[in-house]
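This report describes selected local features of one protein chain. The sequence and the structure are shown first.

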Amino acid sequence: MINQIEVIHFIELQITLMKSFFIHYPLVKDFKWLLDFPSKGVILVGNESWDFKKHGKGIRFFKNNSSAAVVVDIIDNVNNAKIIDVWRLSQYFSNHTDDEIKSTLDEMASSGFLQKISERQYEFITS
């Protein structure tokens, strides 16, 4: 079962990736269709390089290393990195089922860490 701390670490990574993206590309402003976003590229997060590729209304960040590929697929809402969904987490935590992920997200919503936006989408609540 995926735990709440792992989900929070994922959210922090997603926020960091998007902050770095916007630092690298400060002139992008079409958050609905991403028409002025680069189609692909590389950003730096700390000392690590992350490749990215724009798709539809989202951005897929990926890092390949010798142990395993790491994927953060922000399928929509690129202007709000606090939004997560079952799909994003299933890509990142590929060894967990959608049901396990959804169960953890629902528990986090009940505990007040997340606000449920739709059946499979949630927003991280910060104070």
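## Basis of the description

Two strands are taken to pair if DSSP finds at least two bridges between them. Helices (H or I, at least four residues) and strands (E, at least two) are DSSP runs, numbered from the N terminus. The model is predicted: local features need pLDDT of at least 70, side-chain atom pairs count only at pLDDT 80 or more, and totals for chains, interfaces and linings use all residues. Residues are numbered from 1 along each chain as its sequence is written, and side-chain values use heavy atoms, with hydrogens and water left out.

## The hairpin of strands 1 and 2

Strand 1 (residues 40-45) and strand 2 (residues 48-55) are joined by six bridges in the antiparallel sense. Within this pairing, Val42 is placed opposite Asp51 of strand 2. Two residues lie between the strands of the hairpin, and Gly46 adopts a positive phi near 65 degrees.

In a regular strand the side chains alternate between the two faces of the sheet. Buried denotes under 20% relative accessible area, exposed over 50%, and partly exposed in between (1.4 Å probe, protein chains only).

## Aromatic contacts

Rings of Phe, Tyr and Trp (its six-membered ring) pair if their centres lie within 6.5 Å; planes under 30 degrees apart count as stacked, over 60 as edge-to-face and the rest as tilted. By this rule there are 13 aromatic pairs. One of them joins Phe21 and Phe52 edge-to-face, at 5.2 Å centre to centre with 85 degrees between the planes. Phe21 belongs to helix 1 (residues 4-24) and Phe52 to strand 2, so the pair ties together parts 31 residues apart in sequence. Both Phe21 and Phe52 are buried.

Phe21 also pairs edge-to-face with Phe61, at 6.4 Å centre to centre and 80 degrees between the planes. Here helix 1 is linked to strand 3 (residues 58-64), with Phe21 and Phe61 40 residues apart. A single aromatic cluster comprises Phe21, Phe22, Tyr25, Phe31, Phe37, Phe52 and Phe61.

A charge is said to sit over a ring if NZ of Lys or CZ of Arg is within 6 Å of the ring centre and within 35 degrees of the ring normal. The charged end of Lys57 meets this description over the ring of Trp33, 5.3 Å from its centre.

## Helix 3

The expected span of a helix is 1.5 Å times one less than its number of residues. For the 14 residues of helix 3 (residues 98-111) this gives 20 Å, which agrees with the 20 Å between the end C-alpha atoms.

Ile101, Lys102, Thr104, Leu105 and Met108 of helix 3 are buried. These residues lie on the same side of helix 3, because they cover an arc of only 160 degrees around the axis; the arc is that of the directions from the helix axis to the C-beta atoms. On the other side of helix 3, Asp99 and Ser110 are exposed. Gly112, which follows helix 3, has a positive phi near 95 degrees.

Leu34, a residue other than glycine, has a positive phi near 60 degrees. Leu34 lies in the loop between helix 1 and strand 1 and is buried, with a relative accessible area of 0%.

Asn77, also a residue other than glycine, has a positive phi near 55 degrees. The loop between strand 4 (69-74) and strand 5 contains Asn77, which is partly exposed at 28% relative accessibility.
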